[in-house]
Amino acid sequence: MQGVCAAILCVSVFLRSVISQPPTESDTYTECTDGYQWDPQTHHCKDINECETVLEACKGEMKCFNHYGGYLCLPRSASVIPAPDPPSQPGTNLESTAREPFNPCPLGYEPQGDSCVDVNECERDEHDCQPSQQCINIPGAFICQCPEGYRKVGTECIDIDECRYRYCQHRCVNVPGSFSCQCEPGFQLAGNNRSCIDVNECDMGAPCQQRCYNTYGTFLCRCDLGYELGPDGFACNDIDECSYSSYLCQFQCVNEPGKFSCQCPEGYQLLGTRLCQDINECETGEHQCTEGQTCVNIYGASQCVDTNRCQSPYVQVSDNRCVCPVTKPACRDLPFSIVQRYMSITSERSVPSDIFQIQATSVYPGAYNTFRIRSGDHDGDFYIRQINNISAMLVLARAVTGPQEYTLDLEMVSVNPLLSYQTSSALRLSVYVGPYAF
């Protein structure tokens, strides 16, 4: 009997006796029991190593251990202490052979002196780990560890789908043994390779033509005042403000890149940013009047008039005043005096419109005064509205368009019935109509 010890369990295996009769000179004995074969050189039966000759002698996790006359299928972690070889000489008594030593140590250990030491199955290659697995020795046994990113199912290593554990903030891509995180457009991976942080596209060359505003996950393009965002969302196109309204400027609107400006006609200057104001050339000295002329400012220009505008039979008695002496026969039916006055009005003025007030400078007791337009109103554009005995108002009756000039003789007739006295005086008013409504 041969003793086989696995862990602390000692298994006694009874092997068939090897019976061999020595051959005689006249015959040869070649029959052996099961598990042995005849060796013609030694003329003995020799043990067969079934672990080498039998295909897949042990199944599954079991390991094949050859034994005299047979073999054992034991766990891979089992330890077998081989027994001494059986006697090969005929006539030897099997019972006199020494039994194999008893292993008093637990499974996975072996005796060393008076103590038990761990068996390193990984160094001895006494393990069943797959090529892709790492054998790790532990006290009394060993474990087969899968690479990172894999988990052990039975004896195989299966890839772990990390994406199902939602490790990634945005998108997860599983790869064999690992995974990678990806971010949506407008984000980038953080230092932990899992979280996604916003990308400031404005600092990374966003295609905004003018202004860029970073937002969470994207960006916005905006334009400066006077521009509008194009259809592509990046370019800025100039806004033609002048095309939107005709009331932006009093005279003319000029579109410019990103803005507009107002211009005024000749003889006017810009008042603020939109209105036009007449330039008084008489005050600025921008006129061509001579010493014998007087500069009269009108809308958009200036007019040079003779200082002495008295015509015979009138004589000049002071600036802008002419008198027709009563001693001259030609003065009988003419106003006694004429005073020169000048004014300017704009085109398209709303009507009726009060434009000039006439005021008597001398009033005689008992006299009645009446006012009329003596000459100059050929088309009936004006009329007189008398206010009281000493004043009247010149009224614009119809809208007029310039540039044009009216010379109106406004006459005041004074009548005194008690003294049977009648006299008149005139105001020669030059009305200049400007070319514009401002």
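Which residues does the UniProt annotation "domain: EGF-like" cover? According to the unreviewed UniProt entry, the annotation covers residues 118-158, 159-197 and 238-277. The legends below refer to a predicted model.

**Figure 1. Two of the spans annotated as EGF-like in the UniProt record, residues 159-197 and residues 238-277.** In the span 159-197, 41% of the residues are strand and 0% are helix. The C-alpha atoms at the ends of residues 159-197 are 29 Å apart. The span 238-277 is 45% strand and 0% helix. Its end C-alpha atoms, those of residues 238-277, lie 29 Å apart.

**Figure 2. The disulfide between Cys183 and Cys196.** The count of disulfides in the model comes to 19. In the pair shown here, the sulfur atoms of Cys183 and Cys196 are 2.1 Å apart. The link of Cys183 and Cys196 is left-handed, with -95° about the S-S bond. Cys183 lies in the loop between strand E14 (178-182) and strand E15 (187-189), and Cys196 lies in strand E16 (residues 196-198), so the pair ties together parts that are 13 residues apart in sequence. Cys183 and Cys196 are both buried.

**Figure 3. The disulfide between Cys242 and Cys253.** The sulfur atoms of Cys242 and Cys253 lie 1.9 Å apart. This link, of Cys242 and Cys253, is left-handed, with -75° about the S-S bond. Because Cys242 lies in the loop between E20 and E21 and Cys253 in strand E21, the pair ties together parts that are 11 residues apart in sequence. Cys253 is partly exposed, with a relative accessible area of 22%.

**Figure 4. The disulfide that joins Cys264 to Cys276.** The S to S distance between Cys264 and Cys276 is 2.0 Å. With -95° about the S-S bond, the Cys264 and Cys276 link is left-handed. The pair links distant parts of the chain, 12 residues apart: Cys264 is in the loop between strand E22 (259-263) and strand E23 (268-271), whereas Cys276 is in strand E24 (residues 275-278). Cys276 has a relative accessibility of 9% and therefore counts as buried.

**Figure 5. The surroundings of Phe251.** Phe251 is located in the loop between strand E20 (236-238) and strand E21 (252-256). Its relative accessible area is 32%, so Phe251 is classed as partly exposed. Not counting residues up to four places away in sequence, Phe251 touches Gln263, Cys264, Pro265, Cys276, Tyr436 and Phe438.

**Figure 6. The largest nonpolar core, with 21 residues.** The residues with the most contacts inside this core are Ile345, Ile355, Phe356, Leu394, Leu410 and Leu429. Two or more core residues come from each of strand E29 (337-345), strand E30 (353-359), strand E32 (382-386), strand E33 (391-396), strand E34 (404-416) and strand E35 (421-433). Leaving aside neighbours within four places in sequence, Ile345 is in contact with Tyr299, Ile355, Leu396, Val400, Val431, Tyr432, Val433 and Gly434. Another core, of 7 residues, lies apart from the largest one and has Cys310, Cys324, Ile338 and Ala426 among its members. In soluble globular proteins, nonpolar side chains tend to be buried together.

Definitions and conventions. Residues are numbered from 1 along each chain as its sequence is written. This is a predicted model: local features need pLDDT of at least 70, side-chain atom pairs count only at pLDDT 80 or more; totals for chains, interfaces and linings use all residues. Side-chain values use heavy atoms; hydrogens and water are left out. UniProt positions are given in the numbering used here, feature names are shortened, and annotations may be inferred rather than shown by experiment. Helices (H or I, at least four residues) and strands (E, at least two) are DSSP runs, numbered from the N terminus. Buried means under 20% relative accessible area, exposed over 50%, partly exposed in between (1.4 Å probe, protein chains only). Contact means heavy atoms within 4.5 Å. A disulfide is a pair of cysteine sulfur atoms within 2.5 Å. A nonpolar core is a set of buried Ala, Val, Leu, Ile, Met, Phe, Trp, Tyr and Cys residues joined through side-chain atoms within 4.5 Å.
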